[in-house]
Amino acid sequence: MASAFDPNTFMSQEVSGANEESYTPVPENDYSGCYIKDVEPTKLGDSGALIIQWIIPDEDLKKELNMEEIQCRQTCFLDLDENGAIEFGPNKNVRLGRLRSAVGQNTGAAWSPAMLVGAGPCTIKVGHRYNKETGEGPYSEVVRVSAE
């Protein structure tokens, strides 16, 4: 659905009521039929990482959380060589290997991270975490992925 958002109208629009100040997290649970909506490479500290946005296609959960689409994020830290390429070998990129295996892409064939977009269905386990500095949360995150 296209947005009717107009920046000029928005800036002069008066509203009444208070906004929410916290999110209702996706409940900790296993969810099946999930697929990857988006994959974004990022730098976190001195490390590279992939931020993976999963879609949970659970109609009851959509109603419970009052959301059109349930998304949950997974962070996959990467072991990279001095040129920024994915490293292979013992204890290197194990979490990435598990993710690729769950979506049937860890076969040794030519691969790129962009191939993860649209992959699935998988079962994901959602857990909760809290911000270590502020104590805010809980925030939902994908803690495990397995093939269906």
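## Salt bridges

A salt bridge is a side-chain nitrogen of Lys or Arg within 4 Å of a carboxyl oxygen of Asp or Glu. Side chains of opposite charge can pair when their charged atoms come close. In this predicted model, the structure holds 5 salt bridges. Let's meet some of them.

Start in helix α2 (residues 59-65), where K62 and E59 sit 3 residues apart, about one turn of the helix. Their closest N and O atoms are 3.1 Å apart, forming a salt bridge. E59 has a relative accessible area of 49%, so this residue is partly exposed.

## Two further pairs

E141 pairs with R129 in a salt bridge whose closest N and O atoms are 3.5 Å apart. This pair links distant parts of the chain, with E141 in strand β5 (residues 139-147) and R129 in strand β4 (residues 122-129). E141 is partly exposed because its relative accessibility is 25%, and R129 is partly exposed at 34%.

E87 and K92 form a salt bridge too, with 3.9 Å between the closest N and O atoms. Both partners are partly exposed: E87 at 26% and K92 at 35%.

The side chains of Q74 and W54 are joined by a polar contact of 2.9 Å. Q74 also touches other residues, including L50, R95, L99 and V142.

M11 belongs to helix α1 (residues 7-12) and counts as exposed because its relative accessibility is 68%.

Notes: Residues are numbered from 1 along each chain as its sequence is written. This is a predicted model: local features need pLDDT of at least 70, side-chain atom pairs count only at pLDDT 80 or more; totals for chains, interfaces and linings use all residues. Side-chain values use heavy atoms; hydrogens and water are left out. A polar contact is a pair of N or O atoms within 3.5 Å; within protein, one must be able to donate a hydrogen and the other to accept it, and residues adjacent in sequence count only if both atoms are side-chain atoms. Contact means heavy atoms within 4.5 Å. Helices (H or I, at least four residues) and strands (E, at least two) are DSSP runs, numbered from the N terminus. Buried means under 20% relative accessible area, exposed over 50%, partly exposed in between (1.4 Å probe, protein chains only). Lists of a residue's contacts leave out its neighbours within four places in sequence.
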